[in-house]
Amino acid sequence: MSRFWLWFWGLIIGVPAAAFVVWGLADNPKLFLTTGMNGLTLAALYFLVASGFTLVFGLMRNVNLAHGSLYLLGAYVGYVVGDRTGSWLMAVAAGFASAALFGLVLQVAVFRFMHGEDLRQTLVTIGLSIMMADILLWIFGGEIYQFDPPRAIYGRTLLPIVEVYPTYRLVLLAMSAAIGVLLWWFLNRTRVGMMIRAGVDDRAMLSAAGVNVQFVFAITFAIGAGLAGFAGVVGGTALSIAPGEDTRYQLASLVVVIVGGMGSVVGAAIGAILIGVAEQFGLAYAPTYSVVFTFVIMALVLAFRPQGILGRRA
Amino acid sequence: MSAADWRKAMNPGAGRYAWAGGAAGRRAGARPSAHPSPRPSPLRAEGEAAAGAAAWTRWIGRRVRARHLLVLLAVLAYPWVATPFFTFQIGAQALALGLIALSLTFLAGYGGMVSLAQMTVAGIAGYMYAIFATSGTDISLRWPWGLAVVLALVIATICATLIGWFSVRTEGIYTIMITLAIGVAFYYLAQQNYSLFNGFQGFQSVMTPAVAGVELRAPIPFYYLALFWALAGYFFVSYLLRAPFGVALQGIRDNPRRMSALGFNVTAHRVAAYAVAGVLAAIGGILMVWYNGLVSPGSVGTGWLINILIIAVLGGMRHPIGAFVGAVVFVLLQNFAVDLVGRERFNLLIGGVFLVIVLFSPDGMLGWWTQARQYLMTQLNRGPAAAPTQRRGQ
């Protein structure tokens, strides 16, 4: 896109957005900032789910439509463990571990045998997600579960203008940022991360260089799935866990990676912020059409940058 | 528009090439086409009426087998031997769902574009019909049902074209994701909007018209109505697949770059495929709204978006009949899952069946048929390659 068009569209989108920000701040700064904070919290949650999704896709070209089910699986397992041990941290660990293990089994037992068959993998994951949703519903029923986080991160924090804000959500924001940084460090500064990045660029070449690609796949899948399970417990604490959350986060991560660009972790962060913030502002200021905002963002990105904001052409 | 015009409109500059079943294309222009009838396409001689008639009989002799007549007789006689429950709940519902799944089979099996938004198109048609015609809600405009049907079809087709125009920017699995996102966006819109879509409630007790004193929602009339449109859709798709447009579409599925190099407008063909599939899905959607008597966000939810994919994959996407086979199996499972696994566990059952099919029989149930036939043929010592009737797809 030429510089002119960049400016043109920047103005077309930027001016109304800036006008909205000014109006919102002048009209009701508390509502505006609270909504913004909520948007960022939601974005943090979306990022946790979507980063695993995008990592798996970037490396294996495998659209794992059971990713949302991993979220729910992690959440439920985390709940059971947290209920038994009474420790929230154990619940988080169990959520991560169970989803990672399940993802590993999935990769080793199923996807290894249908390498390169995109459509078939997608269909298999759809079938799996239907079955998992029903099995989880069978075991845990339709009730809504809630976690008890440690007292230290529960309660309220005083902030300027916003006044009181749940501490846990701030913790969630910080955790998500930390995970993002950790992921960046892992991908950019470690040997396995290097292999994963090389695999995203050229899988065949990586294999030719003597790397056990199967091993890299398994690691990536485990991390991606584990992040979804982690998000299940962390998100379940911020909101709640109930049947149907799997579809919700599956779709959120889909939209986030479509906007941010497939296979890019930074793209997932940008997409998550855009979608999370848009969703919350939509809910606060135009409840009937809040979905439409998400959709408009997706449509705009598709229209001008089909591969996503930071995506590369496949 | 005739087939030749189609090609001209689609491929400015490609008209000179006699590629892509061009043999069929050149002659296809001689007769009015794009009409849902089982008319022959790849004929040797056509033009003079006499030759045409001879060709017709030859075509029928070549194409129509005993099993085709048997199936036709069976579906026609079905409501007279089946109970009203089997006629309406099983037969008619399977036909209507099959029509929607057929639109996906056409798009995915022959166009290479797996769209999960086909149920959305059907739902838009249903919603539009409910809005324009009569229902239990005040939003309904209570216009004549014929007008409402036409408006619903037109609007749904336009929406399908727009969805197509959006999603053809992407390929392969991206298409699945974008159509899924579009479908779910519509679901939430329908759920949250009260002024047009009546929110969570949707439209209850949508009136089914009565033609000449015959209540269309009665089991037997509705069965025949659904059967008529299912057959029309089936023959239309079968015809289209052998027409220049369909052949070009399959070429695009197999190698878009080569088709583009040959001068075919790949994007226009794909969008047109979405439009065609949209018409089929819209008809199916109106049938579904008559069948259910209601349309609500639940009828366009994620579950149903996926169900249409399940139906198409269960049957197999290599042949248009697969959609209806899948629909029959799906509806049977849906109704009798209670006896097998209990009412609550239907999703587990259908998910499991779907998984088994996807893992072990990529061609769906039609794959079993082909395999069984090949096996029988080899057993009968008549050679395994006994005229495969299905195109190799995917």
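The largest nonpolar core has 220 residues, and those touching the most other members are Tyr46(A), Val49(A), Tyr129(B) and Ala181(B). By a nonpolar core I mean a set of buried Ala, Val, Leu, Ile, Met, Phe, Trp, Tyr and Cys residues joined through C-beta atoms within 7 Å. Helix α12 of chain B, residues 266-292, provides the largest share of this core, 17 residues. Helices here are DSSP runs of H or I with at least four residues, strands are runs of E with at least two, and both are numbered from the N terminus.

This is a predicted model, in which local features need pLDDT of at least 70, side-chain atom pairs count only at pLDDT 80 or more, and totals for chains, interfaces and linings use all residues. Residues are numbered from 1 along each chain as its sequence is written, while chains are lettered from A and ligands numbered from 1 in the order in which they are written.

Let me stay with Tyr46(A). Leaving aside residues up to four places away in sequence, Tyr46(A) touches Ala252(A), Ser253(A), Val256(A), Ala272(A), Ile275(A) and Gly276(A). Contact means that the C-beta atoms of two residues, placed from the backbone, lie within 7 Å.

I turn to the interface. Here 29 residues of chain A are in contact with 32 residues of chain B. On the chain A side, α5 (118-140), α10 (245-260) and α12 (290-304) each supply at least two residues, and α5(A) gives the most, with 15. That side divides into 22 nonpolar, 4 polar and 3 charged residues. For this division, Ala, Val, Leu, Ile, Met, Phe, Trp, Tyr, Cys and Pro are nonpolar, Asp, Glu, Lys and Arg are charged, and the others, Gly among them, are polar.

Chain B contains 16 helices and 2 strands. Of its 394 residues, 48% are buried, that is, with 20 or more other C-beta atoms within 10 Å of their own; exposed means 12 or fewer, and partly exposed in between, with C-beta atoms placed from the backbone. Helix α8(B), residues 173-192, is mostly covered, with 17 of its 20 residues buried. From first C-alpha to last, α8(B) reaches 29 Å, close to the 28 Å expected, where the expected span is 1.5 Å times one less than the number of residues.

Finally, Tyr154(A) lies in the loop between α5 and β1 (156-159) of chain A. Tyr154(A) counts as partly exposed because it has 15 C-beta neighbours inside 10 Å. Beyond four places in sequence, Tyr154(A) touches Pro149(A), Thr167(A) and Tyr168(A).
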